Amino acid sequence: LHIRGLCKEPAWHALQRVWEGEHALHRTYPALRTDDIPFAQDCVGDQFLLREGKVIRLQAEAGTLEETGQDLRQFLDAAQADPVNVLRLQPLLSLFKAGGELKPGELISVYPPYVVQHEGEYDFRAVPALERLAFLADLAAKLRDLPDGGSFQVIAMP
């Protein structure tokens, strides 16, 4: 769980960057409001936000919201008690099992994206956090108007 800081640098850690201004998450995800506070993110770039005193999760690939029903203290207690399930750390465990590592300022790229119907293995690799967030916002925007069962193409770049 990466909890953002009240700072300007590094950019990947700055709360204000994703809360206000041109890179604010509410500008790229219509489900978000300007008063949602994106205080944290998980290892793949899903966002945790405070809305009216409760924690909500933005599933960043699809741009959908999931209510936790918890206030901040309850959420943090749950994450500490059961981090693998609450924070969905399976990609991180897979990355570590394969000998990879996740450094500060990085998130895990998942290929193919979870929103794609896929049978088989996933590829997990560490990428710069801001690059991952931009990819997720772009993917969610492309999927927004796609009907259920529709198709789209994902091109993997080296």
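How much space lies in the second largest pocket? I began there, keeping in mind that this is a predicted model, and I read off about 320 Å³.

**Entry 1, the pocket.** I next listed the residues that line the second largest pocket, and found Ala62, Val115, Val116 and Gln117, then Leu143, Leu146, Pro147, Asp148, Gly149, Gly150, Ser151 and Phe152. Sorted by class, this lining consists of seven nonpolar residues, four polar residues and one charged residue.

I located Leu87 in the loop between helix H4 (83-86) and H5. Is Leu87 buried or exposed? Its relative accessibility is 5%, and because residues under 20% are classed as buried, Leu87 counts as buried. Leaving aside neighbours within four places in sequence, I listed the contacts of Leu87 as Leu1, Asp42, Phe48, Arg57, Phe75, Ala79 and Asp82. I also checked Leu87 against Val44, and the two are 43 residues apart in sequence, with a C-alpha to C-alpha separation of 9.9 Å in space.

**Entry 5, strand S2 and its partners.** I then went through S2 residue by residue and found it mostly covered, with four of its five residues buried. Strand S1 (residues 2-3) pairs with S2 in the antiparallel sense over two bridges, and in S2 I identified Gln41 as the bridge partner of His2. S2 is also joined to S3 by three bridges, and these two strands run antiparallel; here I noted that Ala40 stands opposite Phe48 in S3.

How many residues lie between the strands in the hairpin of S2 and S3? I counted five, and I recorded that Gly45 in this hairpin takes a positive phi near 100°.

How values were computed
Residues numbered from 1 in each chain as written. Predicted model: local features only at pLDDT ≥ 70, side-chain atom pairs only at ≥ 80, totals over all residues. Heavy atoms only, no water. Buried < 20%, exposed > 50% of the residue type's maximum accessible area, 1.4 Å probe, protein only. Contact = heavy atoms within 4.5 Å. Pairing = 2+ DSSP bridges. 1 Å grid on protein atoms, 1.4 Å probe; cavity = no way out; pocket = protein on both sides within 12 Å on 5 of 7 lines; lining within 4 Å. Points joined across faces, edges and corners; volume = space filled by probe spheres on them. Nonpolar A, V, L, I, M, F, W, Y, C, P; charged D, E, K, R; others polar.
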